[in-house]
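Have the model open while you read.

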Amino acid sequence: MRHADVTPALVAAETDRLVSTALGLHDPDGAFPSLCEGWTRGHVLAHVARNADALARVCDVALTGVPGTMYDDPASRDADIERDADRPLADHVTDLRESAGRLAERLAQLRPEHSDVRVERTPGGFPVAVGLVPFMRLREVVFHHVDLDAGYTFASTPSEVVSLFLRDAVNRLAHADAPPSLRIRTDEGDEHTVKDDGATLVTGPGADVLAWLARGTTDGVRFGGPVPTLPFGG
């Protein structure tokens with residue numbers, strides 16, 4: 001699977017799985033901690049909903065030709081998450097569904113000629129290619145579903161999606177200011193090298209290796225050398 005192979009149908013399926021998990025939460029107002037440092041489950045759910053609206057804004061630039069950005073600025077993005085974090089879970093679920101629906105409407109309207117349109121994340125910030133929006137949304141939904149720490153893990157994700165996320169994570173590491181010297185070989189047969197010298201061989205199930213790259217957890221991961229320090233998480 002490539003980035004371009006991510007379909008709105010796959011995004012919708014993983015969104016439905018996230019909503020099902022949210023419906024099963026029993027903590028008051030999503031107040032239990034998540035795997036995102038400093039965030040409750042409510043913060044995670046609010047972020048996923050607001051991310052859908054932000055990506056809809058990206059699509060709107062391509063669909064309408066009217067200039068815009070994904071977010072107005074970092075401060076307003078963070079403020080929106082804080083504003084919505086403490087709502088009742090029923091409100092979170094409604095927001096997840098409605099915001100995902102608004103994004104799905106835009107994704108259905110995108111055509112190949114829209115793919116290369118680039119939209120700044122914030123004014124003057126990193127540009128986002130509209131053709132990557134389905135992948136970006138899938139990544140947000142899956143990663144933050146894991147972050148709810150409510151039974152869904154990367155092992156719950158289709159294997160081809162795990163492989164795609166692994167390639168993306170390796171690419172991100174390779175372009176870091178100080179990329180770690182490591183090679184990756186998953187039990188499923190994926191092989192990646194972050195630096196040519198590849199001092200440490202990292203092996204294990206793809207889902208566990210992805211969890212290490214994305215969130216720093218080492219369960220199920222085997223290291224053939226010093227454990228590399230990662231410059232960032234997913």
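**Helix packing and pockets**

α2 passes α3 in a right-handed crossing, where right-handed means that the near helix is turned clockwise from the far one by less than a right angle, and left-handed means anticlockwise. Helices here are DSSP runs of H or I with at least four residues, strands are runs of E with at least two, and both are numbered from the N terminus. This is a predicted model, so to speak: local features need pLDDT of at least 70, side-chain atom pairs count only at pLDDT 80 or more, and totals for chains, interfaces and linings use all residues. Residues are numbered from 1 along each chain as its sequence is written, and side-chain values use heavy atoms, with hydrogens and water left out.

**α2 with α3**

- α2 (residues 41-64) packs on α3 (residues 74-85) at about 125°, and their axes lie 8 Å apart; axes are lines fitted to C-alpha atoms, for helices over the stretch in contact, and angles run from 0 to 180 degrees between N-to-C directions.
- That angle makes α2 oblique to α3 (under 35 degrees is roughly parallel, over 145 roughly antiparallel, 65 to 115 roughly perpendicular, and the rest oblique).
- On the α2 side, G42, H43, A46, H47 and R50 meet R77, D80, I81, E82, R83, D84 and A85 of α3, with contact meaning heavy atoms within 4.5 Å.
- Sorted by class, this contact of α2 with α3 has three nonpolar, three polar and six charged residues (Ala, Val, Leu, Ile, Met, Phe, Trp, Tyr, Cys and Pro are nonpolar, Asp, Glu, Lys and Arg charged, and the others, Gly among them, polar).

**α2 with α4**

- α2 also packs against α4 (residues 89-109), at about 20° with the axes 9 Å apart.
- α2 and α4 are therefore roughly parallel, and their crossing is left-handed.
- The α2 and α4 contact splits into 14 nonpolar, four polar and six charged residues.

**α5 with α6**

- The axes of α5 and α6 come within 12 Å and cross at roughly 100°, so the two helices are roughly perpendicular to each other.
- F135, L138, R139, V142 and F143 of α5 meet V161, L164, F165, D168 and R172 of α6.
- That α5 and α6 contact has seven nonpolar, no polar and three charged residues.

**Largest pocket**

- The largest pocket holds about 940 Å³ of space; on a 1 Å grid over the protein atoms alone, a pocket is an open set of points where a 1.4 Å probe fits, with protein on both sides within 12 Å along at least five of seven lines, and lining residues have an atom within 4 Å of a point.
- Its volume is the space filled by probe spheres set on the points, and grid points are joined across faces, edges and corners.
- Of its 27 lining residues, R121, M136, R139, E140 and R172 lie nearest the centre.
- α5 (133-147) supplies the largest share of this lining, six residues.
- The lining divides into 12 nonpolar, seven polar and eight charged residues.

**Second largest pocket**

- The second largest pocket has about 290 Å³ of space, and L35, V146, T153, A211 and T217 are the closest to its centre among 15 lining residues.
- α7 (residues 206-215) gives the most to this lining, with four residues.
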